[in-house]
Each structure stands twice: as C-alpha cells, then as structure tokens.
Amino acid sequence: RRVVVLISGNGSNLQALIDAQSYGELGGEIVAVISNKADAYGLKRAHDAGIEAVALPHREYDSREAFDGALIKVIERHEPDLVVLAGFMRILTPMFVHRFHGRLLNIHPSLLPAYQGLNTHARALADGVEEHGVSVHFVTEELDGGPVVMQAVLKLRPGDTEETIIERIHAREHLIYPIAVRWFLEGRLQLGADGPTLDGVPL
Ligand code: GRF
C-alpha cells in the first residue's frame with residue numbers, strides 16, 4: 001500500500017510515520033513527500049529516509065485551482081492508496097478534496113469539533129478548558145470539519161502556556177497518527193457513505 005504525505009514545515013508527524021514504517025508498523029510505504037514550501041525541514045527528513053521529496057511552491061501558481069491541479073498531478077504519479085496531510089498549511093480546493101475522497105486524512109491539534117482553524121492552543125487556553133487534544137479525521141470540503149476517526153486527550157495543567165502544551169500535543173500526535181494510517185492501509189478504517197467505520201463498526 002502506497003502513501004503520499006503532504007507537509008509545509010518541520011514534519012515531526014512525518015517523522016513519526018517514517019519511524020513507524022522503519023519498524024514495519026505502518027502497513028505500507030511512504031512513496032513521496034510533497035511540500036508547498038521549499039525550505040520545509042520535513043523535506044530533509046524524507047530525503048534522509050530515502051523517500052522522494054518534492055518541493056511544489058504554491059507561490060509559483062496564479063490561483064488555488066492551478067496549484068491544486070499541479071499538486072494532484074504530482075500525487076497521482078505516485079499512485080497512492082492514501083494521502084496524508086501532516087502539517088500541510090494550505091486550504092485545499094473542493095476539486096482536490098473530491099479527487100481523494102475517502103483516502104485523505106488530516107491531523108488537527110484540537111478535540112474537534114472544538115477549535116477548528118488556526119491558533120487552537122491559544123484559544124483553548126484563553127477559554128480555560130480543562131481538556132484539549134488532537135484529532136485525526138477524514139478530509140471533506142468543510143475545513144477541519146470532516147469525520148473524526150481518532151482523538152487523544154490532553155488534560156491542561158495550571159500554568160500551562162502554548163509552549164508547554166505544544167510538546168505534549170506533539171507526543172500525542174506522533175502516537176495516534178501512525179495508528180490511524182496503519183488501520184486505513186490495512187483496510188480496517190474506511191469512509192463509507194454513512195461515515196467512517198473501523199472493522200465495519202460505525203465510529
Ligand atoms: C501539527 O500540530 C498538526 O496537528 C498540525 O500542524 C502541526 C504539524 O507539525 N496540522 P509537524 O510539522 O508534523 O511537526
């Protein structure tokens with residue numbers, strides 16, 4: 001089973017997927033990593049792991065549609081079973097989302113449906129919530145609104161700041177994303193007409 005990972009930055013989640021693959025625990029192979037930013041550190045991680053690393057700077061395209069069209073072409077050359085968004089900081093067009101419907105996963109740093117969009121940690125802290133966390137979800141047209149398949153909770157502590165929770169958030173991301181990807185690649189996790197299922201059971 002073949003996986004393409006899209007990134008924009010550091011790529012620590014990509015690294016967790018690469019590590020899982022190296023332990024034989026990913027259920028498939030990362031065949032390409034694509035970044036819309038040429039200086040993304042994640043491209044070096046891919047290169048170091050012997051994975052094809054592609055920079056596709058969005059600024060070189062006139063429109064979102066043109067960029068997404070180019071992105072689709074690069075992705076499809078690699079014939080992926082699954083496309084994984086791992087810190088890919090671009091809003092995707094409906095055309096793109098439809099093209100990969102049911103085989104497009106994202107990880108978002110909040111307990112969705114809470115805190116869709118950016119700056120999730122700051123907003124959770126400002127609201128004084130007791131629980132924050134991370135979500136893996138199938139991507140649909142609604143930004144950060146697709147069906148959730150897995151979450152990990154982070155209990156906030158007095159005195160927590162954005163900086164103190166980022167590390168604990170990432171630890172949880174690195175734990176759950178490879179599991180969700182493996183379940184998908186093993187055919188256990190699917191997006192059916194009525195929503196996601198795990199081993200045939202609606203989530
Ligand atoms: C993660 O917090 C993820 O939830 C969000 O972007 C961040 C990416 O981090 N979508 P990294 O590049 O994987 O380190």
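Where is the place of Pro 113? Select Pro 113 and you are in the loop between β5 and α5 (120-127). The elements named here are DSSP runs, numbered from the N terminus: helices are H or I of at least four residues, strands are E of at least two. Now look at the bond that leads into the residue. The peptide bond from Leu 112 to Pro 113 is cis, with omega near 10°. Most peptide bonds are trans.

**Before you go further**

Numbering starts from 1 along each chain as its sequence is written. The model is predicted: local features need pLDDT of at least 70, side-chain atom pairs count only at pLDDT 80 or more, and totals for chains, interfaces and linings use all residues. pLDDT is the predictor's confidence in each residue, from 0 to 100. The protein has a mean pLDDT of 97, and 100% of its residues reach 70 or more. The model's ipTM is 0.97 and its pTM is 0.97.

**Stop 1: His 108**

Select His 108. UniProt, in an unreviewed entry, lists His 108 under "active site". UniProt positions follow the numbering used here, feature names are shortened, and annotations may be inferred rather than shown by experiment. His 108 sits in strand β5 (residues 104-108). His 108 counts as buried because 24 other C-beta atoms lie within 10 Å. The cut-offs are these: buried means 20 or more other C-beta atoms within 10 Å of the residue's own, exposed means 12 or fewer, and partly exposed is in between, with C-beta atoms placed from the backbone.

Next, show the contacts of His 108. Residues up to four places away in sequence are not counted; His 108 then touches Val 134, Ser 135, His 137 and Asp 144. A contact means that the two C-beta atoms, placed from the backbone, lie within 7 Å.

**Stop 2: Asp 144**

Move to one of those partners, Asp 144. Asp 144 lies in the loop between β6 (131-138) and β7 (148-155). Check its backbone: Asp 144 has a positive phi of about 55° although it is not a glycine. Most residues other than glycine have a negative phi. Asp 144 is partly exposed, because 18 other C-beta atoms lie within 10 Å.

**Stop 3: the shell around the ligand**

Select the ligand, then the residues around it: Gly 9, Asn 10, Gly 11, Ser 12, Asn 13, Leu 14, Ala 86, Gly 87, Ile 107, His 108, Pro 109 and Glu 173. Two or more residues of this shell come from each of α1 (12-22) and β5. Residues are near a molecule here if their C-beta atom, placed from the backbone, lies within 6 Å of it. Which element gives the most to the shell? That is α1, with three residues. Colour the shell by type: four residues are nonpolar, seven polar and one charged. Ala, Val, Leu, Ile, Met, Phe, Trp, Tyr, Cys and Pro count as nonpolar, Asp, Glu, Lys and Arg as charged, and the others, Gly among them, as polar.

**Stop 4**

The UniProt annotation "binding site", from an unreviewed entry, covers Arg 64, Met 89, Arg 90, Ile 91, Leu 92 and Asn 106. Select Arg 64 in helix α3 (residues 64-77). Arg 64 is partly exposed, because 15 other C-beta atoms lie within 10 Å. Arg 90 is in the loop between β4 (82-85) and α4 (94-99). Arg 90 is also partly exposed, with 16 C-beta neighbours inside 10 Å. Leaving aside neighbours within four places in sequence, Arg 90 is in contact with Ser 8, Asn 36 and His 58.

**Stop 5: helix α6**

Select residues 162-185, helix α6. Its 24 residues reach 33 Å from first C-alpha to last, close to the 34 Å expected at 1.5 Å a residue. The expected span is 1.5 Å times one less than the number of residues. Its buried residues include Glu 173, Ile 176, Tyr 177 and Ala 180. Glu 173 is also in the shell around the ligand. Just after α6, Gly 187 takes a positive phi of about 80°.

**Stop 6**

Go on to Leu 191, in strand β8 (residues 189-192). Leu 191 is buried, because 21 other C-beta atoms lie within 10 Å. Beyond four places in sequence, Leu 191 is in contact with Gly 102, Phe 138 and Pro 196.

Finish at Asp 199, in the loop between β9 (195-198) and β10 (201-202). Is Asp 199 buried or exposed? Asp 199 is exposed, because 10 other C-beta atoms lie within 10 Å. Asp 199 has a positive phi of about 55° although it is not a glycine.
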